[in-house]
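Take a look at the structure first, and then we'll start from a single residue.

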Amino acid sequence: MDKKLVTRSDCDSAIKHCINTEEFEVVTFKVKPFEDKEREYYKPDCVLEVSAKISRNISRFRFFLKKFRTECAPLNELLSSIKASEREIQFYQNFIPFLKGSLKNYETDFVAEYVFGEVGRIMILEDMSLRFYGLARKANTHTLDRFHVCLVLKAVAKLHAGSLIYEENHQAEDGNRLFDDSDLLAQEPLWRLNEEGLAKQTIGAGIKGLKMLMKEFMDFDISLIDADLRDLIEKTSKRLQYQTKFRNVLGHGDLHTKNVLFKYEKQSHTTTECVLLNFGFCRYFLPAYDVLFFIFTSTTRIFRQHYFTYLTKYYHECLHAELMRHELHIDKILPFQDFQQSINYLTPAIKLKALLHLEDWGAKPGFYKLLQKDQKAYGRYLFENKGPFLRELYRTDPIFRDLVVDAVQELVETLKEPKVSRENCYEVLEGLLESTVYNLKDYFLKPEGENLELHMEVGVEDVWCAEVVKKFKCSVQCGNDNYFKVLTQASELKE
């Protein structure tokens with residue numbers, strides 16, 4: 001065991017937290033790896049086992065151990081620059097106890113129990129594997145089914161409700177916000193492109209990788225979209241900063257499939273619960289951010305066609321249920337129309353951000369582990385240009401290739417029509433066709449008087465199961481901040 005990693009004093013703090021007394025003596029402690037042979041998952045130095053003498057008996061405790069410093073220096077530098085450990089410790093050590101102490105009957109079962117932590121070094125948490133929690137049991141853990149996604153959105157709604165309930169209950173004495181723009185947890189960790197530093201460099205390296213993928217493998221003429229891409233990057237940076245256009249909550253900030261654990265019943269292998277973990281990017285921001293980022297990083301485009309509008313409504317209903325438990329009504333706090341507009345506001349930024357996330361998480365785990373062994377190469381990957389490294393990945397990893405092709409195609413749609421999204425079309429078409437089974441081939445905006453017309457080209461099956469292409473249009477209002485409103489019912493265009 002590396003004694004610099006965990007000390008006897010750390011174990012004393014952990015045991016004291018568990019039994020709420022100092023009448024004990026730590027006898028032995030050791031750090032072990034965690035191994036899940038069923039899913040071929042192995043992580044070194046993440047289980048802490050402690051034996052302690054309490055009265056005359058020896059009791060054994062097992063915890064999850066998180067190291068804030070890895071053996072990869074470039075990654076440590078990046079996480080230190082965004083103050084990831086400070087954010088996570090503040091979330092667990094301050095925010096969660098603050099809500100539990102301030103709000104009657106507020107449940108925090110969406111996170112593991114915090115035991116002990118020290119900024120920049122370690123954090124000790126409840127070991128959720130003892131309660132049969134683990135990563136999603138899916139053949140491809142990058143994408144989840146509707147049931148798993150709904151469990152996560154329900155947990156996210158519980159997290160988000162805490163901020164809203166506190167602010168509503170304490171408006172008179174404390175104002176209406178938990179944080180202001182000077183607080184660490186109100187600041188965007190990475191997308192600070194007006195500041196020189198590692199965060200800006202890693203975004204730049206990701207954009208270079210994106211351009212390489214588009215140019216070399218998807219035959220895009222970068223010169224034709226470069227100006228639009230620069231404009232989207234600038235808008236993304238601005239829209240991800242602290243703002244007060246919509247209600248804010250303290251959210252996760254980096255919600256994807258590797259930051260969620262599901263509880264599986266031992267016999268049936270079904271799951272009805274989940275917890276969120278890894279809050280190093282947590283921040284006070286729009287609730288739509290967590291919802292959108294998780295949906296776009298954990299599902300495919302065809303899945304979103306069937307379920308995107310359902311999932312956004314489902315989250316809103318879960319949030320409403322949490323507020324109602326505290327005798328608050330969501331229509332007075334975050335009406336669905338406002339929530340929908342915040343989705344429109346963030347969607348272009350999320351599509352770009354999710355694509356860059358795919359560069360760092362979309363490959364098989366072995367790719368990144370091998371890359372980090374050469375720290376100079378990994379430093380170039382993180383801070384200079386991801387393109388050369390992604391080139392081989394695109395050629396050899398079919399799952400990554402399929403995911404990135406879909407993501408790039410959606411990004412190009414966003415560049416072409418920045419004021420309207422594919423998801424806006426889904427909402428219109430579901431009401432018109434009363435089905436989610438169709439092929440949205442193209443959509444575009446066309447000026448019509450003082451407003452705009454949204455034109456959609458859709459492939460649908462006829463009675464012989466052959467695809468028939470139909471064209472629809474409806475009058476809409478669109479604003480520069482992605483305000484979107486349908487003015488007239490969609491109608492079919494006849495040739």
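## Around Thr202

Leaving out neighbours within four places in sequence, Thr202 is in contact (heavy atoms within 4.5 Å) with Leu78, Leu190, Leu382, Phe383 and Lys386. Thr202 sits in helix H6, residues 198–216; helices here are DSSP runs of H or I with at least four residues, numbered from the N terminus. With a relative accessible area of 8%, Thr202 is buried, a label that means under 20% relative accessible area with a 1.4 Å probe and protein chains only.

A word on the ground rules: this is a predicted model, where local features need pLDDT of at least 70 and side-chain atom pairs count only at pLDDT 80 or more, while totals for chains, interfaces and linings use all residues. Residues are numbered from 1 along each chain as its sequence is written, and side-chain values use heavy atoms, with hydrogens and water left out.

## H2 and its cover

Helix H2 (residues 73–81) has Pro74, Leu75, Asn76 and Leu78 buried. The cover over the buried residues of H2 includes H6, H11 and H12. After H2 comes Lys83, with a positive phi near 60°.

## Two helix pairs

H11 (residues 365–373) and H12 (residues 375–383) pack at about 115°, their axes 5 Å apart. Axes are lines fitted to C-alpha atoms, for helices over the stretch in contact, and angles run from 0 to 180 degrees between N-to-C directions. On the H11 side, the contact uses Tyr368, Leu371, Gln372 and Lys373, and H12 supplies Gln375, Tyr378 and Tyr381.

What angle do H8 and H10 make? H8 (residues 287–298) and H10 (residues 336–361) pack at about 45°, with axes 8 Å apart. The two are therefore oblique to each other, oblique being whatever is left after under 35 degrees (roughly parallel), over 145 (roughly antiparallel) and 65 to 115 (roughly perpendicular). Residues making this contact include Phe293 and Phe296 of H8, and Leu346 and Ile350 of H10.

## The nonpolar cores

The largest nonpolar core has 140 residues, and Phe91, Leu346, Leu454 and Met456 touch the most other members. Such a core is a set of buried Ala, Val, Leu, Ile, Met, Phe, Trp, Tyr and Cys residues joined through side-chain atoms within 4.5 Å. Helix H4 (residues 146–169) gives this core its largest share, 13 residues.

Not counting residues up to four places away in sequence, Leu454 touches Val420, Phe444, Phe472 and Phe484, among others. Apart from this core lies another of 20 residues, including Ile15, Ala52, Phe116 and Ile122.

Methods
Buried < 20%, exposed > 50% of the residue type's maximum accessible area, 1.4 Å probe, protein only.
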